[in-house]
Amino acid sequence: MINDVEFEKLSTKEKIVKVAADIIVNEGLRRFTAKNIASRLGITDAAIFKHFPTMDDIILTLINEYVIRCSKSAEVGISQGKTVKEKLELVLKAHIQVLEETKGAVPILCFEFSRSENEKFTSILHSFVQNYKKTLAKVLEEGQKEGIVRQKSDPEEIAMFVLGSIQAKVFAKVIEKREGPVVPDPDSFIDEIFYGILER
């Protein structure tokens, strides 16, 4: 079960989404069923469908929440940061926070649906990746002009490296069947990313 002090304060709809994320990450999409979610919450299968017409709607809610929060946190981090490094650090810390709150489910769904023909999911995920990449690339270009970010690297490729590094943390947690946070030490993780992209 999800160890979350605030879990009991959530609405049933929010609990369904949290449990769905936990199942996707820890048990896989095959175990992502109304019966499994209902069993974890102590409710009936029918209760799930009072809140979500289909199982796909649960996935869409999970993806949309992640996309909106990551995009918003990137905007906030960029507007609050005084230097390029500070902007990147704020964006990464906020992204890691959203990643932890969703248990890493969306990066797993990105991987699963990248090979799918389900346009409903792939178009949202593709749009998010493209927009997020462009947002990060603008900051990285600014960093290149200031001589902070490696000059010979394409800013969009660096942005994809950052996203890929976040994905890798999720996959490592799943493969290792590790309990706890997706990114156990965010500061060290950010330092590792900076080591790869900043001029020395």
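The C-alpha centres of domain 1 and domain 2 lie 25 Å apart, in a protein divided into domain 1 (1-53) and domain 2 (59-195), with bounds that come from an automatic or database domain assignment. This is a predicted model, in which local features need pLDDT of at least 70 and side-chain atom pairs count only at pLDDT 80 or more, while totals for chains, interfaces and linings use all residues. Residues are numbered from 1 along each chain as its sequence is written, and side-chain values use heavy atoms, with hydrogens and water left out.

Where the two domains meet, 11 residues of domain 1 are in contact with 14 residues of domain 2, contact meaning heavy atoms within 4.5 Å. Ile24, Val25 and Leu29 supply 46% of the area that domain 1 buries against domain 2, more than any other three residues. Buried area here is the accessible area (1.4 Å probe) that two parts lose on being put together, summed over both.

| Item between domain 1 and domain 2 | Value |
|---|---|
| Buried area | about 1000 Å² |
| Share of buried area from carbon and sulfur atoms | 77% |
| Salt bridges (Lys or Arg side-chain nitrogen within 4 Å of an Asp or Glu carboxyl oxygen) | 0 salt bridges |

The largest cavity has a volume of about 40 Å³, the volume being the space filled by probe spheres set on the points, which are joined across faces, edges and corners. Its lining residues, which have an atom within 4 Å of a point, include Leu88, Leu136 and Phe194.

Technical notes: On a 1 Å grid over the protein atoms alone, a cavity is a set of points where a 1.4 Å probe fits but cannot get out, and a pocket is an open set with protein on both sides within 12 Å along at least five of seven lines; lining residues have an atom within 4 Å of a point.
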